[in-house]
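Welcome, and thanks for taking a look at this one with us. Below is a short briefing to read alongside the sequence and the structure.

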Amino acid sequence: MADPLSPDELTRYARHIVLREVGGAGQRRLRAATLAIVGCGGIGSPAIQYAAAAGFGRLRLIDDDRVDLSNLQRQTLFDGADLGAAKAVRAAARVTALNPHVTVEAMDVRIDSSTIAAALDGADVVIDGCDNFATRLLVADAALARRIPLVSAAIGQFEGQLGVFRGWEADRPCYRCFVGDAPDRDGVSCAEAGVLGPVAGVFGSLAALEAIRAVVPFGDDPAGSIVLADLLSLRFRTLRLPKDPGCPGCSGQ
């Protein structure tokens, strides 16, 4: 049996504990869980804050970028004193200040074939909020191979998308069922096209919500659905994604 919540934890998480869908048992499950977050930028910034506040026992923050002045329009985890500092390191310091019950690990590394194993080692769920397609495929493939639920979020201008993937399950698609097997795609970066700051907040918060749901199941299971938002029109829609029987990622799972 897991150790009981301390008096401080009972007070800190009281609004979770009174939820029938979470309760004390769910809060203890969060405390026992490890969440890996790939990217500490626009999506990662709010996801880290809400995951830390929610009481994940361990957070692993992976990013090799440095804080730039142009980040501060949407990456609310940082401020002017952080300029030039490693995002993962500064984000870890913010987590410790926010919730001392969380053990946090900063990985100031680029995700590639030599670092992906350490990034996902022991993780119960992973949030991918990185900004390039090749890294997304690498993270998705590694999560699938290790049977780690993947929460994938992406944003641009006034739009965003979010999906939860557990492709090892017979009736659930993987990330490659959604995007195919293409190499890095030509596209316009946020620096070129722009992005409204609160769009990052919306989808980073949704990513944290789905990471919590992956550990403490509540409501409808979102795996295999894609949430799309057009925030110019304030419209959300959900698409059901079928499993691709010929998918190179999960067809043999």
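Which strands does helix 7 lie across? Helix 7 (residues 133-146) lies across strand 1, strand 4 (125-128) and strand 5 (150-156), and runs at about 165 degrees to strand 5. Helices (H or I, at least four residues) and strands (E, at least two) are DSSP runs, numbered from the N terminus. Angles run from 0 to 180 degrees between N-to-C directions, and axes are lines fitted to C-alpha atoms, for helices over the stretch in contact.

Please keep in mind that this is a predicted model, in which local features need pLDDT of at least 70 and side-chain atom pairs count only at pLDDT 80 or more, while totals for chains, interfaces and linings use all residues. Residues are numbered from 1 along each chain as its sequence is written, and side-chain values use heavy atoms, with hydrogens and water left out.

- Eight strands make up an open sheet with mixed pairing, in the order 3-2-1-4-5-6-7-8; two strands pair if DSSP finds at least two bridges between them.
- Strand 3 (103-107) and strand 8 (235-240) are the edge strands, each pairing on one side only.
- On average, and with direction ignored, neighbouring strands of this sheet are turned by 15 degrees against each other.
- Strand 1 (residues 34-38) and strand 2 (residues 58-62) run parallel and are joined by five bridges.
- Strand 5 and strand 6 run antiparallel, with seven bridges between them, and Val151 stands opposite Val164 in strand 6.
- These two strands, strand 5 and strand 6, form a hairpin with two residues between them, and Gln157 in the turn has a positive phi of about 50 degrees.
- Strand 6 also pairs with strand 7 (residues 225-230) in the antiparallel sense, over five bridges; here Gly160 stands opposite Ala229 in strand 7.
- Strand 6 is mostly covered, as five of its seven residues are buried (buried means under 20% relative accessible area, exposed over 50% and partly exposed in between, with a 1.4 Å probe and protein chains only).

**The aromatic cluster**

- The structure holds three aromatic pairs; rings of Phe, Tyr and Trp (its six-membered ring) pair if their centres lie within 6.5 Å, and planes under 30 degrees apart count as stacked, over 60 as edge-to-face and the rest as tilted.
- One of these is the edge-to-face pair of Phe165 and Tyr175, at 5.6 Å centre to centre and with 90 degrees between the planes.
- That pair links distant parts of the chain, with Phe165 in strand 6 (residues 159-165) and Tyr175 in helix 8 (residues 175-179), 10 residues apart.
- Phe165 is buried, with a relative accessible area of 4%, and Tyr175 is buried too, at 6%.
- Phe165 and Phe178 form a stacked pair, at 6.2 Å centre to centre and with 25 degrees between the planes.
- This pair also links distant parts of the chain: Phe165 is in strand 6 and Phe178 in helix 8, 13 residues apart.
- Phe178 is partly exposed, because its relative accessible area is 28%.
- Together, ring pairs link Phe165, Tyr175 and Phe178 into a cluster.

**Helix 4 against helix 5**

- Helix 4 (residues 44-54) and helix 5 (residues 87-98) pack at an angle of about 30 degrees, and their axes are 9 Å apart.
- Ile48, Gln49, Ala52 and Ala53 in helix 4 meet Ala91, Val95 and Leu98 in helix 5, where contact means heavy atoms within 4.5 Å.
- By class, this contact of helix 4 with helix 5 has six nonpolar, one polar and no charged residues (Ala, Val, Leu, Ile, Met, Phe, Trp, Tyr, Cys and Pro count as nonpolar, Asp, Glu, Lys and Arg as charged, and the others, Gly among them, as polar).

- Thr34 lies in strand 1, stands opposite Arg58 in strand 2 and is buried, with a relative accessible area of 10%.
- Not counting residues up to four places away in sequence, Thr34 touches Arg58, Gly122, Ala123, Asp124 and Val125.
- Ala119 is found in helix 6 (residues 116-120) and counts as buried, at 0% relative accessibility.
- Leaving aside neighbours within four places in sequence, Ala119 is in contact with Ala36, Arg60, Ile62, Met107 and Ile111.
- Ala119 and Met107 are 12 residues apart in sequence, and 7.7 Å apart in space, C-alpha to C-alpha.
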